[in-house]
Structures are given as C-alpha cells and as structure tokens.
Amino acid sequence: MREKILNGIGFGLLAVCFVVALGRIVVMKLGFSHEGQRQVTVRIAHWQLENGPKEAFDKIAQEYMHLHPGVKVEPLPIPEKIYPNWALTQLIGETAPDIIQVRTWDNTLTRFFVPLSELVDKPNPYNKGTDLEAVPLRQTFFDGMEGGYHPLLLEYYWVPVSASSVRLFYNLDLLEEITGSRQLPATYEEFVALCEEIARYAKAERLPLVPIAGSSYNAPFLMKGLFSSQTQRLSEQLSDLGTLADDPIGRISDWLEGRWSFETEAVRSGLTLMRETGQYMQPGFIQMMRDDATLLFVQRRAVIICTGSWDATSIRHQVRFRVGVTPIPYPSAENPKYAKFTLGALSEAGTNAAVSFGLTRKAPNAEVARDFLLFLASRQASQIWTDVSGWIPAIVGTRPSSEVQPFLPVSDGYLAGLNPSVGNGPDTTRLFNTSLHLLVNPMGSVDSFIQTVKNRYPDTLISDLRRNLRANVDLIQRGDTQLAALGWIAREKKEAAHRLDIFLQADSANQRQYYRARLTLEKAGQPTQ
Amino acid sequence: MKRNERHMGLLRISRATEFIAGQMAASVIVCTVLMIGAAHAGESYKAERAELDAAWLEASSFLVSEANRRFVAAKGLMGTDELERELGDAVTLLNVQPRTRGNIEKARIKLERLSGNRDNGEIAIFATYFLARLHEMHAQPPRLKDARTLYHRLLEEYPGNPIADRSASSLVLIDLYENISSEERARRFAALESLAPRLQSPSGKRDYHLNLGNAYIQFSEMERSRARAIFHLLTAEKEGITRWQTEAATWVSIGELARVEGRNELAAEYYKKFLAKYPRDNRHYTIKKRLEALSSGD
Amino acid sequence: MSTPISNRKALLEWRLYLFIVPSIVLVVTFCYLPALSAIYHSFFRWSGGDNKEFIGLKNFYDAMGDTVFIGSFWVMAILVVSNLFKLIPSILMAVLIHRLKSDRWQYLYRIGVVLPMIVPGLVTLFIWKFFFDPTQGALNGFLDATGLKSALVGMDRLFGWGVFHEGIPIAWLSEPGLIIPSLIIWGFPWIGAVGVLIYLAGLQSIGSEVYEAAELDGAGSWQKFRYVEFPLIMTQVRLSLVMLIIATLQGFGLQLLLLGQDGGAGGRGMVPGLWMFNRAFLAGEFGYACSLGIFLFAFILGLTWINNRYVRVDK
C-alpha cells in the first residue's frame, strides 16, 4: 500500500510538472497569436555577455517598452561558445527568437532571415527630431551600413550596432610609479624607451613585472601592426593593379615570382620590429592565451596590454587602477632604422560596423520585431548603447563618452602594408604561427626564423592559393543559378534588373580573381584543379 | 381524317420541338461542363505557371533545391512555358545539393537540347550562355575550348542581346589569363579589342571593358598598357558602374594610372570623385595625400 | 544463473521491449547518426554549409599523402606508449589501498582518490596550464627553488639540447623540444580515480583463500602482487588499456588547450584529432576532416582488435 502511495506521489508530481509546462506553452502561444489583445513579446538573442553590452541591450529594450506599452522585449543572452549551434538549432526547428545576432552565415541564410533592403533607403522614423530625420537608414551608419550587407546575396540582411578597434591599454598608476609621469608614448621610439625603462625598473626592484602582457591572442595585434607599417612602401610598389586594395592573390603571385621574400629589406625590418617588441613581453608568451595576458595585466604584472575595444569594459571592471588608452605607436619619420620603409600610421577608416542583428523568417511578431530593429538603429538607442556598454556606436552623430573616445576608428592614416603570413591562408598562417618561437623566443633570431620558413613558404602559399581558387570556383558556380534566375526575372521586373546588374559586376570581379589565381598556379607549374 | 392529320402534324411538331429542346438542353449542359472543364484547366495551368514564377524567385535567392523541386513538379505546361521550365530545371541542377557530376551532365544535356534550336528565342540564348558557363566553370576539368566556341557563337548569332554580349567579358578572361608568350598575348589583346563594335548592351560593354582594362594592368609588359588600361576603364565607367566596390576600385585605378602617366588633370578628377563619394574608405587618406602632392606639383 | 526465456515467451512479452526504445533512439540519434553522417560527408568537398560536391575517394587519397596527418600518428604513438607507463601508479595505488588492514582507512583513501573527480576536467586542464607558465608557473618555481634548473642547464650544455638556458625561464609549451615531454609530464603523479576504482573492484573480488594459499606457499608482498593480484586484475587492466588507447587516439582537448589549434611551436604537439579539428575549423575542409576521422576510426578499431586478440587474460 505504502509503495503504491509513493508511486502515486511520483506520478502525480510528474503529471503536475507536465501540466504546468503545457500550460506555459499554451499561454505563450496564445500571447503570440492574439496581437493587440495580449502583450506582444519580441525576443532578441545575442552572445555579448561582456560587462556592458548585456546591460545596454536591457536598457534599450526597456526604453522601447516604455514607448510601446503593449510590447515586451526580451533579450536572451546566450554564451558565445554554444551560440552558433544554438542559433542553428533554433532556426532549423523554427523556434528562433524574432531577432538574433548573426556572424558570418552561409548563403542559405535566405532560408532563415528576412532581407531588410526595403528599409535601408527610407529614413528611420525613430530618428525624427534629429539631424538624421530625413537621412536614409543606410546613411545613418558610419560605414554606410556596409556591415549589414551581404555582398553575394546583394541584400541588406542585418542591423549593426557597434564597431571595434585595437588599442594599447596602460596601467597609469604603475606607469606613474615607474616613470614619475602619466604621459603615454605617441611614437614607436617613445614606446620602446618606456618599455626599456619598465624592464630596468623591474630588474632593479626584482619585481615579477614585464612591460607588455603577451599571448598568442594579444601579441599578433601589436606585432603584425608593426610589421605592416614596415611594409607599406613595399606594398605600394607591388600593388600594380592600382586599386590600392588588399590583394592576397597578387601578393602570393608576387612572392612566387620572386618580387618579395623574407630577404627583402623591408620585410626583414618588419620581422626585426616584431622581435624587438616580443622581447618586452614575458618569456614564452606565445604559449599563453588571451585570459593569461589579461590576468597578467590585471594583476599589475604587466604595464601594457594590446587588445581590442571589446575588452575595454571588462578590463575597467576588473582593475583597481586607472587605465590609459592609445593607438598602436608606429615608427616616426625621424627613426633612423625604421622610417625609410614606412609611410605613417595605419588607417582604420575601413572599419565596418559590427554586432549585427537579423530578423528571422519565422519571427512570431515580425512587424513589431522589424520596428524594434529600427529603434535599435536609431540615434537614441545608439546613445544608450555607447553610454551603457562603453562600446563604439554605429550611428553617426552619437556622442561617445570620454571612455569610448580613444577607441573611435582613426581615419587619418595610410593603408596597411603586407601581412607576414602573406595571403593569410590557413596553411601559411599555420607555418608562420608554428615558427614564431624562432623569431620571438629569447634565444631566437630573425635569421633563424627566415632560414626555417623560407623554403617551406612556397608550398604553403600554393596550397592556400589552390584553396582560394576553389573558393572562387564555388562562389561562381553557386552564383550561376542565381544569375540565370535574376536574368530571367529581370526581363520584366525593374528591381530585379538592378540586382542583376550589381550581380554581374560582382561575378566579373570573382571571375577575374579566379583567372588570376589560375594563371599564378599555371606559372608555378602547379595543377589548377 | 384531316383532324387526324392535323393531330399527327401537331404531334410531329411537338416531338420535333421536344427533340430540339432536348438537343439544346443537352448542348447547354455539355457546353457548361466543357466551359467549367476549360476554366478548371485554365486555373490549373495558371497554378503551374505561378509555380514556375515562384521557382525563379527562389532560385534568385539561392534556394536552389527548393526551386528545382518546383521546376520538376510543374508538369503539363506547353510551348514556351515548358521550355522555360526545362531551362529552370537545367540551371538549378547545376547547384542542387549535393552537387554531383551526374547532375551537371543532366544539365548539359538539357541545355544542349534547348540551345540547339534558334526558334526557342531567348530561351536558346540563355541555354547557350549557361552551357558555355557549364563548360567553363562547372566541368571538371574545365572545357575552355568548348566554352570559347559557344561564347563566339552567342556573339555572332545574337548581336545586341545583353546575355549574349556578356560572352565578350568571359572571352577576355579565358584568352588572356593563360600562361602564354607576350607575343601571343599581344595578338590575343588585338583580337579581343576587335569585339568592341559588336557589343550593344551597356552591362555587356561595361564588363568587357572592365576586364580588358584590368588585364592591361595585370599584363603591364604590353605596349602602351597603362594608356590602354585608362581608356578601357574610362569606357567602362561611361557605361555605368553600379556596384560601389567596383566603382571605388575603378576610380582609384584610373587616378593611379593617370598619375603615373603624367595625366595629372585626369588623376585629380578621379581622386576628387573618390574622396567625395567614399569618405569612409581606408584608401581615403592615401588618396587625399596623392591629390595634395599633385596640386603642389610634387 | 538465470535461464534464457523462450522465443515464444519473449514475443508474448513484447511490451517490455518498449522500455528500451528511448535508449535505442537516443543512442542511434547521438552516437550512430553523427558517425554515419561523417562517413557520408567524407565523400564530399564540403565546407560545413549547405553546399557540397561529391568527389568520391579524393579526400581519402589526399589524407594518405598528408604529411602532417601521418606525422601526427608519431606524436600519438609516443603518447600511447607513455600512457601505458602512466597505468602503473594507478595499479600500485589500488593495491596499496586494497592491502590496508583498516576498512575505515580504506574508505578514507577511496574517498581521497575519488574526490578530485568532482573537479571539472577543464579546470584540471587550466591548472596544469598554469603549472607550465614560464614566469608564474609552479613547475618552474619548483625547479628554481630546488636548484634542479641548474642541473638541467648543465645537462643541456653537455648534450646540446638547446632548450634550457641560464637566466631564461623554461618555456615548456613554446619550445618545440619540450612540448612532448610536457604532454607526458601532464597529470603527474598519474593516479586516475576511475582506474584506481576499477582495479580496486578487481582486487576485492579475489577470494581470501587465494591469499591464504599464497601465504602458505611463502609468498611475500611482491610475489603476491606478481603471481596473484596482477594476473587476477588483468581483465580490468585490459579494459583500462582499451579505454586509454581510444582516449589517446581520439583526444585532442589537452593539446588544443595547452598548445592551440596549430599544435604549438613547430607543430610538435599535433595529434590526429587536433589535425582533424584544424582542417575542419581553420581550413574549412569539413569533408576532408571527416575522411581523417574515418582513418582514425579504422586505426582505433584495428588497435582494439589487436588488444582483444593478443592481450590475453589467463586466470
């Protein structure tokens, strides 16, 4: 009897849980279907769990709900690690929130998201009363909404809210303790002098202190930036296509044809600069990860750390000292050793807006969600975003706080030079990364690095070039069906004719890249398949 | 007797009237049924036609497998609509997932059949163009010779057609980006330049000139290559570049080439255009400095 | 021993089979379907999205000529051999606990061994990563404090290893020559809780009469271990061996966390699993990565078969 009662209780509990869960689903469903009569809920998923952005989304949601009392906006913060899988499962299962944060998506994106192109040429109603009142939505973004455009699908698919930049962060208290001043270096020479002073101080005081907190994540921002500055003039010489744009195929081709190599004076100088800065980081830093470097900085064991604006709020939240921020300092025109290869500071004008959101096709409340996206793209929301998150705003005319100011992209600068891993393909990058210890370890040298990698570079470059060629073929092949469809529709529909025209130009550009890669492989005596 | 005869006559008339009325009623019923049937057939045909339109729309948005299913399912179409359905089926087969050689081969057969008959009009042009693309980009290994032949055929048989005109830009790439001697390349440049008068559609002309201009930059060993490159890029620009990335790159190229050629006015003109339209491009500062240097006569 | 039921009875009680349906569905969905999907995708050029192209056996041919993949098996072989030695401490620990006279102490030691299991694996990895830190790590701290560092530097000068230098902290994970030794050192003193419990279970099933007989024969501690305990826990040892080999062959989390996705300096820590990960997520070659997985699967299957066939248990 007792057993029966116990079993009954267990079963009863299960039944109650089931009924409650079912009831919740029914209530939610009813809430969605009777728009107007009940509260409409718009869910917005994102992975920005850092200090600041999460609170900013909450605040923007509250502001929108204040304007629209019948609407409830529910931000859903999801950890970044599981986000891609989570989002895909939700999208396929047709249970995705109305609005979700997106990163790079396959072209099958159209399956899940609604294009927003019809909105971009009209003014944003939420900008009423501001100087953006009559400005088309697209033009209200600092990058012309480039960050929301899918170049292959030729449609605007998402609304970005932020941007990022890389900066040097200084522990001002420690700096003052060591140098007696809080003056931050403006040039590379001043930066090196400061690092020297810190190293001397640490040695004299027998402190476990290094000038720069390095890691396999943080160090490349600084080192590749400096390498790039040393190869600006060389890059201009090589850029015979004249578009001055980044041209990985061209650079690989140049390398294979012997127009540049690690023995080129400017390249060697770039590597020397990389080694020089590497010596101011903790020994063995290339085995350390992002968190290790942050810990070193936060624990006052390093005076400087190089990282992105996305880490700013987290760093400020964790430290008990004042933090100073500067752009990466490049060698000045007076530098006897490095000036001859450089043009000047690197431009950040091409920075695209990021932290983008798309409207899902199966959004239960598509209209309200679309309206919320417009609010998210408004000057008012952008102001909340930058004030609360401490991140860069994407909407022009938003007043950045004094904390955000140093992170705003610097547009007065020259084009970046070359990338030390050339075409930036996975195989060459891997070879470069796995050989980096020869360059930066205390017992390493520029020569030992060059001797080890120079003979292996052509093979990895060719394999990356072949991968690039394949990717281009894929792009062109996939485009062919779309090209045929657009061509057919465009015979009668004007709006399709415009899309077709844009598509044809993109296809031509892709084809040119394909044939250039093919020719380079042919010249190198390599199969093109 | 007379009465009888009259009666018989009336009876006959009455029967005849009955017969005619019966016939008429039957005709009305048959006609009504036929009309309903025809209307129904018309409705169903319209539905199939709508399927075709929906399939093209899906194909234009990369939803290829869905589009292919619609093209395959749209049965019972006639005439041009049926040919259009076959064309849609063929071009979607190129990208139905997973891509297989079998599907590409099926697409080739369909496209060959459609392109073979010039009476198919625009469908034949589309089929021929995409058959050439199939040989060029989808076949493994690429059959560039077959693609060339088809592109030339398009230019000869369908002058002025926008799709056919597009062949010229493909021919530029196929012929020039080969590992050949400079003499051979110069000969090919000359042959390709002679295609220009045949092209009539703005987009065809634009992409042809863009490809030629960029080829002159790529193969700078050609005689007067910079001047020829400027000429072709300017011509392309005149035809209307609507994609901003292409426009920005073309303007910078014209500016740079003109500067090196000593055509400072032209260089300044294009630098200024670029600076005005693309203030947030990362090339902005560099171009600004170039323009300053030109103005100061450095 | 229970007697098997007849087919007729089994059919009559068909409803009972419904109880295993959820388990079968879960196993098929989460174990077999992904594996079948990997086999399917290994025949495609596939970058993870919707777009894929059938290429037959090309991925497999490419894998056979992939020098990094082949090289990664050497690293793995070294790790497998070193892991064999790492079984010994667990066996010894199990025997020591088993031989404790006091049940109470046995219980306490068992708890002591099991307790670290509640620490998440990732935390253990992070702690070890911190041990290897050149400037703040415990390992370098220990070597400096004990003067062992000077001895290592002296040996380095003698043998010309070129990895230990005076005045420079040892970069355990960024010096190619030290990467494999670091991976071997990892987990010291190599006492695995699961292993100890498995061996203990085996030891406890040995009847007291066997020990009494051994004692009558004059067997000492070592002889008891050599001729009684070790042979009688061979079933457990074999099970551990299979699990260990499979874990070493499949695993790459340790290398990924300690060395990064490229296998560390000189790519010295590259194991097959990590190369699979690298190709899929860095090179975007998911189809190729699947074919590497098939090779790995075949290799593991072969080794398991050899293990079952030749590591015999004679009781």
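Biologist: Across which strands of chain A does helix H13 (residues 366–376) lie?

Modeller: In this predicted model, local features need pLDDT of at least 70 and side-chain atom pairs count only at pLDDT 80 or more, while totals for chains, interfaces and linings use all residues. Residues are numbered from 1 along each chain as its sequence is written, with chains lettered from A and ligands numbered from 1 in the order in which they are written. Helix H13 of chain A lies across S1, S2, S3, strand S6 (158–163) and strand S11 (354–359), running at about 160° to S11(A). Helices (H or I, at least four residues) and strands (E, at least two) are DSSP runs numbered from the N terminus, and angles run from 0 to 180 degrees between N-to-C directions of axes, which are lines fitted to C-alpha atoms, for helices over the stretch in contact.

Biologist: In what order do the strands of the open sheet of chain A stand?

Modeller: Strands of a sheet pair through backbone hydrogen bonds, either parallel or antiparallel. Here 6 strands follow the order S2-S1-S3-S11-S6-S12 with mixed pairing, where two strands pair if DSSP finds at least two bridges between them. Strand S2 (71–77) and strand S12 (392–393) of chain A each have a single partner strand, so one side of each is left without a neighbour in the sheet. Strands S1 (residues 40–46) and S3 (residues 99–102) of chain A pair in the parallel sense over 2 bridges, and A:Ile44 stands opposite A:Ile99 in S3(A).

Biologist: How do helix H18 (residues 494–523) of chain A and helix H9 (residues 202–218) of chain B cross?

Modeller: Two packed helices are described by the angle between their axes and the distance between the axes. The axes of H18(A) and H9(B) come within 11 Å and cross at roughly 25°, which means that H18(A) is roughly parallel to H9(B) (under 35 degrees; over 145 is roughly antiparallel, 65 to 115 roughly perpendicular and the rest oblique).

Biologist: How many residues of helix H17 (residues 272–281) of chain C are buried?

Modeller: In H17(C), 8 of the 10 residues are buried, so this helix is largely enclosed by the rest of the structure; buried means that 20 or more other C-beta atoms lie within 10 Å of a residue's own, exposed that 12 or fewer do, and partly exposed in between. The buried residues include C:Trp275 and C:Arg279, and what covers the buried residues of H17(C) includes helix H5 (67–85) and helix H18 (286–310) of chain C.

Key:
Two residues are in contact if their C-beta atoms, placed from the backbone, lie within 7 Å.
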